[in-house]
Amino acid sequence: EAMLKDQTIFLAAQKDPNTEDPDFNEINVYGTVAQIRQLLRLPGDTIRVLVEGVERAKIVNFNQEAPFYTVDIMKLKQPAFQSGKADNQALARQVIEHFEKYAKLSGKISPDATLSVTNIEDISRLPDVIASNIEISIEQKQFILEEISPKKRLEKLLDILAKENEILEIEKNITTKVRQQMDKNQKEYYLREQMKIIQKELGDSGDMASEAEEYREKIAKVQLPDEVSGKMLKEVDRLSRMYSSSAESGVIRTYIDTVLELPWNVKTEEKLDIGYAAKILDRDHYGLDKVKERILEYLAVRKMKNGLHGPILCLVGPPGVGKTSVAKSIAEALNRKYVRMSLGGIRDEAEIRGHRRTYVGALPGRIINAIRQAGSSNPLILLDEIDKLSGDYKGDPAAAMLEVLDAEQNKEFRDHYLELPYDLSDVLFLTTANYKNDIPRPLLDRMEIIDISGYTEDEKANIATRYLVPKQLELHGVGASQVRFEKPAVREIIIYYTRE
């Protein structure tokens, strides 16, 4: 219809592009008067129309709906704009500069379009030409179209371009980092494949690259602390560059295996039921009322405080009074793994802290070994015979033990072999001793002494009848009907054949 008349048409964007047949309310009132320059019919009832925008206009009234819309429009007069003014020139230069940066970052603007923008003499046309060349939303373009003042259009466009450039720069940085990471991974893969071929040519049967990859998978599966994970990956990288026959590779393998075997995040759920603990203690031990009462008080405080980094309990008494078995009962009552560590005759500090890996046959210390043996990072570790610790020229093991038992220091206990911090704060330490006076004084200050004195004759008789006799019968394969222990006989054995 327009082609039959003066070839003039009014173009306005619909508010929602997904609407197939928009009504009056769904069309923007601001639009463009355009001249149809070319009309080309394509196969499939498609028409391509080339138009040239003439001026801005606003819909005043809708006259006709079918078969097409006709409207009354009001042409919008542009206010006077002085292109030569300094502030307008500066604003235009800023817009052109941001547009050139946009074209460079996006890579979607042709050099011809950039050149045509920089050669525009009429500054009032600049925002319209740039807005039509950049990829922004319909709402933003409509926003610029509705603005009559050329200066305000330039200011709006400058704000849009600045935000778009900021987003494009962030996208570019992300893309660059992803590409660098991909390049690094491809390079590592290429080098590993080369190493495999070289090792094969040299006749090295051990496939170190695949072994290193297995270790990397294990490290990824185990939830290690960041510092530990980083150290392990460095050791694996060292291993991958060695021959399987080298002595150093065996040392690294042992080290990695030792670290991965430690229960970094494995814990048993502590059971703080005082009634249950009392039943366990009464089941396993006769008498010792004051000792049991003190242990139950200690557990009650732990329950109230939800954990207690307080004094270390030290059970002191002669051999055979049940110090070790009391500790085992406490572990069962608390649902903690139990590990006994004998300190008798330890003279070397390395027994506690471990040996440095520079030494041949180096191993971790007894504390770390106990943790590994327990398979839990919150076991009950019994430090048996702590009064037998003694120092010599190799160091003072009591000083090393001080760090282990000090709640302020053992959060980051460093074994010389591991060279990594291990948290011992969740470990419950119990100690035993025969003589209180032989315990090193700094250690004694951190302990709470629970004396387990000898038993009376009646207590010994009950212990023998309830615990020792059934145990001995079972050990020797003898039934209760075959041997009978009379009370006088038991007392005679106690009086003449036992001592503490």
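This is a predicted model: local features need pLDDT of at least 70, side-chain atom pairs count only at pLDDT 80 or more; totals for chains, interfaces and linings use all residues.

Colleague: How many helices and strands does the chain have?

Modeller: The chain contains 17 helices and 11 strands.

Colleague: What radius of gyration does the chain have, and what would a compact globule of 500 residues have?

Modeller: The idea is to set the value for the chain beside a reference value. For a compact globule of 500 residues the radius of gyration would be near 23 Å, whereas the chain has 43 Å. The box filled by the C-alpha atoms, taken along the principal axes, is roughly 135 × 60 × 55 Å. As for burial, 37% of the 500 residues in the chain are buried.

Colleague: Let us turn to helix packing. At what angle do α9 and α11 pack, and how far apart are their axes?

Modeller: One reads the angle and the axis distance together. Helix α9, residues 274-284, packs against helix α11, residues 323-334, at about 150 degrees, and their axes are 9 Å apart. Because an angle over 145 degrees counts as roughly antiparallel, α9 is roughly antiparallel to α11. The crossing of these two helices, α9 and α11, is right-handed.

Colleague: Which residues of α9 and α11 meet?

Modeller: From α9 come Tyr276, Ala277, Ile280, Leu281, Arg283 and Asp284, and they meet Ser329, Glu332 and Ala333 of α11. Sorted by class, the contact of α9 with α11 holds 5 nonpolar, 1 polar and 3 charged residues.

Colleague: How do the axes of α9 and α10 cross?

Modeller: The axes of α9 and helix α10, residues 289-305, come within 10 Å and cross at roughly 155 degrees. The two helices, α9 and α10, are therefore roughly antiparallel to each other. Their crossing, that of α9 and α10, is right-handed. On the α9 side the contact is made by Ile274, Ala277, Ala278, Leu281 and Asp282, and on the α10 side by Lys292, Ile295, Leu296, Leu299 and Ala300. By class, the contact of α9 with α10 has 8 nonpolar, no polar and 2 charged residues.

Colleague: At what angle do α16 and α17 pack?

Modeller: Helix α16, residues 457-475, and helix α17, residues 487-497, pack at about 120 degrees, with their axes 10 Å apart. That angle makes α16 oblique to α17. The crossing of α16 and α17 is right-handed. In this contact Glu457, Asp458, Lys460, Ala461 and Ala464 of α16 meet Val490, Arg491, Ile494 and Ile495 of α17. The residues of the contact of α16 with α17 divide into 5 nonpolar, no polar and 4 charged.

Colleague: What is the phi of Gln7, and what is that of Glu385?

Modeller: Gln7, although not a glycine, has a positive phi of about 60 degrees. This residue, Gln7, is found in the segment before β1 (8-11). Glu385 also is a residue other than glycine, and its phi is positive, near 60 degrees. Glu385 lies in the loop between β7 (380-384) and α14 (397-405).

Colleague: Why does Gln7 count as partly exposed?

Modeller: Gln7 counts as partly exposed because its relative accessibility is 30%. Glu385, at 27% relative accessibility, likewise counts as partly exposed.

Colleague: Is Ala220 buried or exposed?

Modeller: Ala220, found in helix α6, residues 208-221, counts as exposed because its relative accessibility is 64%.

Colleague: How far apart are Thr498 and Thr258 in sequence and in space?

Modeller: Separation in sequence and distance in space are read side by side. Thr498 and Thr258 are 240 residues apart in sequence and 45 Å apart in space, C-alpha to C-alpha. Thr498 lies in the segment after α17. For Ala220 and Leu233 the separation is 13 residues in sequence and 9.8 Å in space, again C-alpha to C-alpha.

Conventions. Residues are numbered from 1 along each chain as its sequence is written. Side-chain values use heavy atoms; hydrogens and water are left out. Axes are lines fitted to C-alpha atoms, for helices over the stretch in contact, and angles run from 0 to 180 degrees between N-to-C directions. Helices (H or I, at least four residues) and strands (E, at least two) are DSSP runs, numbered from the N terminus. Angles under 35 degrees count as roughly parallel, over 145 as roughly antiparallel, 65 to 115 as roughly perpendicular and the rest as oblique. A crossing is left-handed if the near helix is turned anticlockwise from the far one by less than a right angle, and right-handed if clockwise. Contact means heavy atoms within 4.5 Å. Ala, Val, Leu, Ile, Met, Phe, Trp, Tyr, Cys and Pro count as nonpolar, Asp, Glu, Lys and Arg as charged, and the others, Gly among them, as polar. The radius of gyration is taken over C-alpha atoms; the globule rule is 2.2 Å times the number of residues to the power 0.38. Buried means under 20% relative accessible area, exposed over 50%, partly exposed in between (1.4 Å probe, protein chains only).
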